[in-house]
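Subject: Structure for you to look at

Hello,

Here is the structure I promised to pass on. Please open it alongside these notes, which go through what was found.

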Number of protein chains: 2
Amino acid sequence: MTESESAGQVPSPSADDAHLVEHRLSREALLQGRFLQVVRDTVRLPDGRESTREMVLHPGAVMVVPLVETPSGVEVVLERQYRHPVGRVMVEFPAGKLDAGESVFACAQRELREETGYAARQWARAGVLHPVIGYSDEFIEIWFARELVLGERALDAGEFLDVFTAPVAELLAWCRDGRVTDGKTLSAALFLQNLVSGAWPLDWQDADRLS
Amino acid sequence: MTESESAGQVPSPSADDAHLVEHRLSREALLQGRFLQVVRDTVRLPDGRESTREMVLHPGAVMVVPLVETPSGVEVVLERQYRHPVGRVMVEFPAGKLDAGESVFACAQRELREETGYAARQWARAGVLHPVIGYSDEFIEIWFARELVLGERALDAGEFLDVFTAPVAELLAWCRDGRVTDGKTLSAALFLQNLVSGAWPLDWQDADRLS
């Protein structure tokens, strides 16, 4: 292993990664909770020794960045939701877990509609993020939505949240000053800032072509 | 609860959040693994009913964005590390968990030194993120470091990673094209892009004044 490598090296996973990669030898179920499923894998390390890795199994999720065009610029639809694990009300983009067998796009449409009441005529995929690579296999697909039409919310039982809109500049100010600390929302703000500046345009598609 | 609120509302947690906040009634240990600790809390919902919330307990972590000034612009020190939960080599900023009783700044210095070999003469705190608000109390402090001096790495047992540097523009291109999907690194890229543009300057302090 090199101590430090030259600038600009492409970090492609297809490079020779044998000195980094671990191989799973076995899996043991540790917890089947009502909500969380945890396993312990035994892995072979790059140096040939064995170790264990504990992790949450997660079905994956989708986050939606809903855009509202106004005469004074682009606004985004956000939520305020109490999150028990961190003990506070968080400002975040709508998001939710994939149901069994559900497509990513169907989940994006469903979560937007259930949590905010909005349907969107146009959609664009921005990417994917892995929120917690140390102990969960969760991924969050990042989708943008525009041309919104307001309908009826349909929150899950036990789900309580406020929906509001804010100018993009205001959201970015909240990211900077610490009023937004949700990791997925900070990540989405990177794509949002670069979309609005024109640096990272998206490939918009009509909803009926994606369904 | 209002269906949708007016634009620009300040999402301050100090507003009247009684319609959102849950109160913990009891806690039950579900799992004490070698690495993961999981609990199930019983909570009172805003509507008075009871529900349960399962979550990972985490000591908190620090991420470091190490800057290297070069004649052609700012570069960052990054790592390539295999992450078993997501089954791939990830490009990410150095980060690590707080040891018991350790200060955030001491952890930042230690993780940078252990994983990359670098010490930094100047440091600035950019903020904090919550990577997984649905099922963990983890927070990640976001610190920037500059005026780096290379010393000796000292990886933990069973830790294998490559260290390299890349221009900021290259890192941002990897965020856009999906070669970087680590949530904490995407969040840090938001602060980094705005630092480099001059939009979000940081309050730099000498290491010896922070220790």
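In what follows, a residue is called buried if 20 or more other C-beta atoms lie within 10 Å of its own. Please keep in mind that this is a predicted model.

Confidence

The predictor gives the complex an ipTM of 0.93 and a pTM of 0.93. For chain A, the mean pLDDT is 92, with 93% of the residues at 70 or more. Residues 1-10 of chain A are another matter: pLDDT stays under 50 there, and the model has 18 contacts beyond four places in sequence for this stretch. Where pLDDT is low, the predicted coordinates should not be read in detail.

Helix H3 of chain B

By the definition above, helix H3 (residues 183-196) of chain B is mostly covered, as twelve of its 14 residues are buried. Among them are Gly183(B), Lys184(B), Thr185(B), Leu190(B), Phe191(B) and Asn194(B). From first C-alpha to last, H3(B) reaches 20 Å, close to the 20 Å expected at 1.5 Å a residue.

The open sheet S1-S2-S3 of chain B

Three strands of chain B make up an open sheet with antiparallel pairing, in the order S1-S2-S3. Strands S1 (23-32) and S3 (50-57) of chain B stand at the edges with a single partner strand each, so one side of each has no neighbour in the sheet. On average, neighbouring strands of this sheet are turned by 25° against each other, direction ignored. S1(B) is joined to strand S2 (residues 37-44) of chain B by eight bridges. One pair to look up is Ala29(B) and its bridge partner in S2(B), Val39(B).

Strand S8 of chain B and its partners

Strand S8 (residues 118-129) of chain B runs antiparallel to strand S9 (residues 140-150) of chain B, and ten bridges join the two. Ala124(B) has Phe144(B) in S9(B) as its bridge partner. S8(B) also has two bridges to strand S11 (residues 205-206) of chain B, again antiparallel. There, Gln122(B) stands opposite Asp206(B) of S11(B).

Domains of chain A

The domain assignment divides chain A into domain 1 (23-57) and domain 2 (61-198). Taken over C-alpha atoms, the centres of domain 1 and domain 2 of chain A are separated by 31 Å.

Regards

Conventions: Residues are numbered from 1 along each chain as its sequence is written. Chains are lettered from A and ligands numbered from 1 in the order in which they are written. This is a predicted model: local features need pLDDT of at least 70, side-chain atom pairs count only at pLDDT 80 or more; totals for chains, interfaces and linings use all residues. Two strands pair if DSSP finds at least two bridges between them. Helices (H or I, at least four residues) and strands (E, at least two) are DSSP runs, numbered from the N terminus. Domain bounds come from an automatic or database domain assignment. The expected span of a helix is 1.5 Å times one less than its number of residues. Axes are lines fitted to C-alpha atoms, for helices over the stretch in contact, and angles run from 0 to 180 degrees between N-to-C directions. pLDDT is the predictor's confidence in each residue, from 0 to 100. Two residues are in contact if their C-beta atoms, placed from the backbone, lie within 7 Å.
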